[in-house]
Amino acid sequence: MTDDVLFLSRDQVTALLDADTAIASQRAAFGALGAGGAADAPGPPDLPDPPDLPGKIMHPSRFDDSVVFAYVSRLSRDTGAVAKFGSVNPGNAAAGLPTVHAVITVLDPVTGELVAVMDGTAVTTLRTAAASAVAFDALATADSAELALIGSGTQALAHARAVARVRDLKSVRVWSPTPERRVRAAELLAAELGVAAEATGTPREAVTGASMIAACTLSTTPVVRGAWLAPGCTVISVGSFEPTRSEVDAEVLRRSAAVVVDDPATAAEHAGPVIDALRDHLLTRENLIGLGEVLTGTRTARTGPEDIVFYNSVGLGVQDAAAAWAVVRAAKGES
């Protein structure tokens, strides 16, 4: 181990990975996927040079409802391998703690030496929200300005901040199960973003009439229902990342003109709503559109202003690789 290895705390990562930098990193990640330079590897991957392998391994705990995960990826020839290891612990929310904790290691692209060790919790939060902003920018109508947040925790707040970088938000409505937390989140967003923000008594109140909906929970049962959706809205789910978690009901997918995912093969194995829709023959594998395909123009999702579009994010290693290297470059003062 060399003396110039970077050890970056959560606060340092947050300072280095501002919203615009995070969004740019995720555009690069999904652009690489869409260009065919990456392939998902759900098992322990080897890392050939130069293609990226957004490896993903997830294991539910035998003891509680936590999930252990690991990602291994390489973005390009100029960036070395990145590995993330961590866990999702839903019970943390009741204690006011982040539900995701992780650590990321970064290796040199030429020598394989250790370049950095950084807090993976901050990277995960920021890159997930940034990827949703990229998705909203690609999928939502240009005049979308009303955001419904389902969830009031760290990830939900990060989503509002990131979406505000790609759309001129006029209002934010927040719902989560605990009244005090949703009120606090709405007050914070109103102060930070300078928009009308309110807490709602039900998820239906938050969703009704919204042009953009971001579900940021760990719910195992639907909190967004297709019957509530306004024509032209875009729905994003980031909490439906394993087969037992479905933040949206089947009607959301049934009403959607397009179902977009971060990676079709990964979503077909991990995304609860997608797995259910494939099983019930509401979708076929061919119906799943990769976000990278939309960004590169290979496939089209939205065909008109009245289309409802659904995006299910499971999370890919390539996202961590892109974000981690953005942090490393910022720490070193590189562009």
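In which sense do strand E7 and strand E10 pair, and over how many bridges? Select residues 146-150 for E7 and residues 212-215 for E10: the two strands pair in the parallel sense, over four bridges. Keep in mind that this is a predicted model. To look at one of the pairings, pick Ala148, whose bridge partner in E10 is Ile213.

Next, show the whole sheet. The sheet is open and has eight strands with parallel pairing, in the order E9-E8-E7-E10-E11-E14-E12-E13.

Then select helix H3, residues 120-139. H3 packs on the sheet, where it touches E7, E10, E11 (234-237), E12 (258-261) and E14 (309-312). The direction of H3 makes about 160 degrees with that of E11.

The last stop is helix H11, residues 317-331. H3 and H11 pack with their axes 10 Å apart, at an angle of about 110 degrees. Angles of 65 to 115 degrees count as roughly perpendicular, so H3 is roughly perpendicular to H11. Show side chains here: Val123, Thr124, Arg127 and Ala131 in H3 meet Gln319, Asp320 and Ala323 in H11. Coloured by class, this contact has three nonpolar, two polar and two charged residues.

Definitions and conventions: Residues numbered from 1 in each chain as written. Predicted model: local features only at pLDDT ≥ 70, side-chain atom pairs only at ≥ 80, totals over all residues. Heavy atoms only, no water. Axes fitted to C-alpha atoms, helices over the stretch in contact; angles between N-to-C directions. Parallel < 35°, antiparallel > 145°, perpendicular 65-115°, else oblique. Contact = heavy atoms within 4.5 Å. Nonpolar A, V, L, I, M, F, W, Y, C, P; charged D, E, K, R; others polar. Pairing = 2+ DSSP bridges.
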